[in-house]
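These are my notebook entries on what I looked up in one structure.

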Amino acid sequence: MADDKEDAEMKRARSRERQLALENPNTDIGFCGRILVGLSLILLLITLPISIWMCIVVVKEYQRAIIFRLGRLLSGGAKGPGLFFVLPCTDNFINVDMRTVTFNIPPQKVLTRDSVAVCVDGVVYYRVQNPTLAVANVSNADAATQLLAQTTMRNVLSSKNLAEILSDREDIAHFMQVTLDNATDDWGIEVERVEIKDVKLPPQLLRAMASEAEATCEARAKVIAAEGEMSASRALKEASLVIAESPSALQLRYLQTLNTIAEEKNSTIIFALPLEILLKFVNT
């Protein structure tokens, strides 16, 4: 764990160094470059006011502009939002969207550590944190992040058991988010969130799991029924002891039973016999 933290800190330090180097580049374009810039200014002045519309750049609130002059990044890093002025022929710019981007990870077929083939898909939320790094360090930051997310999902899930994948989705998603965030730090990308959407199991495994769950529920139901019978028998035993100690209790129970039967609207005919008659037969 300590080595991983040290490696992460070293990566962040190198990333900060690259960022500072890109934001404060060597802007010396040389003698020929200065001549070209001068010619561009002269061309701009000659073609006024038509050329002014080609030199004004409007960057929206959620965008940043990376301006290159004769192939060199201008000092100060990303520009925006607002209005900017570029020189024709010598300057070009790239707009970078700073909003959060979401994309679905296509279903990945993974063989888990306990040799079960599953198909897992997910969703990743990320955004460009440093537009300078996103333009200068990688050719296509979005495509690189998406491919890396697919590979990371396969690598992480292949080291887990099926039970861990089904029960520890939040922990797995958080681990993937941290791993992706560390890997894309050099690209100026911040991975905000990773979610596992669905885990598809083979039909044979689903039937086996359903049979196992049904058998477990039936076994649990039988145990609960047996425990209920045991508790009921104990309660009946205690009730019989109480009735044996008090003869009037048997008479009250008898009357309560008659009252219960009479409440039901049926065709039952009851012939009440005195308990003394029954007791004579019992004594004989």
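I began with Ile46, which I found in helix H2, residues 30–46; helices here are DSSP runs of H or I with at least four residues, strands are runs of E with at least two, and both are numbered from the N terminus. The model is a predicted one, so I noted that local features need pLDDT of at least 70 and side-chain atom pairs count only at pLDDT 80 or more, while totals for chains, interfaces and linings use all residues. Residues are numbered from 1 along each chain as its sequence is written, and side-chain values use heavy atoms, with hydrogens and water left out.

Is Ile46 buried or exposed? Ile46 counts as exposed because its relative accessibility is 64%, where buried means under 20% relative accessible area, exposed over 50%, and partly exposed in between, with a 1.4 Å probe and protein chains only. I then saw that Ile46 belongs to a nonpolar surface patch with Ile35, Leu36, Leu39, Ile42 and Leu70, which together have about 550 Å² of accessible area. Patches take residues with over 30% relative accessible area and no salt bridge, joining like charges within 9 Å and nonpolar side chains (Val, Leu, Ile, Met, Phe, Trp, Tyr) within 5 Å; the areas come from the Shrake-Rupley method with a 1.4 Å probe, and for residues only the protein chains shown count as cover.

I checked the record next: UniProt, in an unreviewed entry, places the feature "transmembrane region" at residues 35–59. UniProt positions are given in the numbering used here, feature names are shortened, and annotations may be inferred rather than shown by experiment. In the model, the end C-alpha atoms of residues 35–59 lie 28 Å apart, and the span is 64% helix and 16% strand.

Leaving aside neighbours within four places in sequence, I listed Phe103, Tyr126, Thr184, Trp187 and Ile189 as the residues in contact with Thr145, contact meaning heavy atoms within 4.5 Å.

My last search was for salt bridges, each a side-chain nitrogen of Lys or Arg within 4 Å of a carboxyl oxygen of Asp or Glu, and the count came to 6. Arg127 pairs with Glu190, the closest N and O atoms being 2.9 Å apart; this pair links distant parts of the chain, with Arg127 in strand E7 and Glu190 in strand E8, 63 residues apart. Arg127 is partly exposed at 25% relative accessibility, and Glu190 is partly exposed at 24%. I also noted Glu195 with Arg193, at 2.7 Å from N to O. Salt bridges that share partners join Arg127, Glu190 and Glu192 into one network.
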